[in-house]
Amino acid sequence: MALSYSPSFPLSRPRRTRQNPSIRAMVSENHLSPKDLIWPIFITEGKAEKTAVPSMPGVNRLSIDLAVAAAKEAISLGVSTIALFPATPAHLLDEKGSESLNPDNLVCQATRALKDACPDLTLIGDVALDPYTSHGHDGIVRDGYIQNDETVEILIKQSINQAKAGMDIIAPSDMMDGRIGAIRKGLDEAGLELTCIMSYAAKYASAFYGPFRQAVGAGNRLCSGKETYQMDSANSDEALREVGFDLQEGADMIMVKPGMPYLDIIRRVRDNFNVPLFAYQVSGEYAMLAAAFENGWLNREKSILESLLAFKRAGCNGILTYFAPEAARLLQK
């Protein structure tokens, strides 16, 4: 896009349009609202159970009854979409992630409860095996290698299981090759053709996932890194290829993960694809900001909103963020 040029100083004074909040709002190029925010929450077993995630100050694992109450509060603040992640009990873990196929697993129970209590709530289901496997990987491991096609067969069944429970959007985060087309085919054949797919198309093998893995209990189990299936942080062109593949296979929406360290990737995806685009402000990003707030190094309110607005400026339609309810309150001011 060509730049337009204004007259030189003193005819042009850019500070004129910055002189008060009303004028600044008139000329603002990007806007953030609660509808842009998707709230990831961690589900745990029990009733009235609320367990803090040590590396994510202010974030808790919630039993389903508390998750329902939290969802109602989020809706009152204008946050209408929640992404669910389970902290699966250790005795239900195995090498194949079998609990992911249980129609009464934590995610499916939570989905039904949330839909009953909040019919207008949009729910996003994470599709990957790492919350369910004893080894902490996103797929089946054999001879030290993640088996792609065998994993995809399980992911299809996991997606159908979640969609039948009432999940609105299936979000495959595993990064197996070909899984979007296979899941789309499986959903359609199961009569679930209206279930959306939000693909983690450009998911990097990042150091910023550590607190999340602690929250779902996968961190201590992880037997090796995920570099053989998640993307190399050095690569940018590869992200465009991955996005293109997933769109061809039937993805309705695209996600880039992590968020702020990969704003350049978000911008490139936006410039090349006119599709709904989302980013995940991941646990490590949250933890860094939370630590700075606790130490008084950053202004909490201004930093939260500025960090989220950066995603809109880069080209996102929405952001998954653990700050969602708090940011919505700030925006209501």
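Author: Let's start with a term: a charge sits over a ring if NZ of Lys or CZ of Arg is within 6 Å of the ring centre and within 35 degrees of the ring normal. By that test, Lys257 lies over the face of Tyr209, at 4.9 Å from the ring centre. Lys257 also lies over the face of Tyr280, here at 4.6 Å from the ring centre. Tyr280 is the spot I'd pick.

Some housekeeping first. This is a predicted model, so local features need pLDDT of at least 70 and side-chain atom pairs count only at pLDDT 80 or more, while totals for chains, interfaces and linings use all residues. Numbering runs from 1 along each chain as its sequence is written, and side-chain values use heavy atoms, with hydrogens and water left out.

Tyr280 counts as buried because its relative accessibility is 1% (buried is under 20% relative accessible area, exposed is over 50% and partly exposed is in between, with a 1.4 Å probe and protein chains only). Leaving aside neighbours within four places in sequence, its contacts (heavy atoms within 4.5 Å) include Pro40, Phe85, Tyr200, Phe212, Met255 and Leu320. In the largest nonpolar core, which has 100 residues, Tyr280 is one of three that touch the most other members, along with Leu84 and Met198. A nonpolar core here is a set of buried Ala, Val, Leu, Ile, Met, Phe, Trp, Tyr and Cys residues joined through side-chain atoms within 4.5 Å.

Now the rings. A pair of aromatic rings is described by the distance of the centres and the angle of the planes. The rings of Phe, Tyr and Trp (its six-membered ring) pair if their centres lie within 6.5 Å; planes under 30 degrees apart are stacked, over 60 edge-to-face, and the rest tilted. The structure has 8 such pairs. Tyr204 and Tyr262 make a stacked one, 4.3 Å centre to centre with 25° between the planes. Tyr280 and Tyr322, on the other hand, form a tilted pair, 6.0 Å centre to centre with 45° between the planes. That pair joins distant parts of the chain, 42 residues apart: Tyr280 is in strand 11, Tyr322 in the loop between strand 12 and helix 11. Helices (H or I, at least four residues) and strands (E, at least two) are DSSP runs, numbered from the N terminus. Tyr322 counts as buried too, because its relative accessibility is 7%. Ring pairs also tie Tyr280 and Tyr322 into a cluster with Phe42, Phe85, Tyr286, Phe293 and Phe323.

Next, a glycine partner. Gly259 sits in the loop between strand 10 (253–257) and helix 8 (263–272), and at 0% relative accessibility it counts as buried. Gly259 touches Tyr280, plus Ile266, Glu285 and Phe311, not counting residues up to four places away in sequence.

Phe311 takes us to helix 10, where it is one of the buried residues, among them Ile304 and Leu308. The buried residues of helix 10 pack against several elements, including strand 11, helix 8 and strand 12. Helix 10 (residues 300–314) has 15 residues, so at 1.5 Å a residue it should span 21 Å, and its end C-alpha atoms are 22 Å apart, which agrees; the expected span is 1.5 Å times one less than the number of residues. Just after helix 10, Gly315 takes a positive phi of about 125°.
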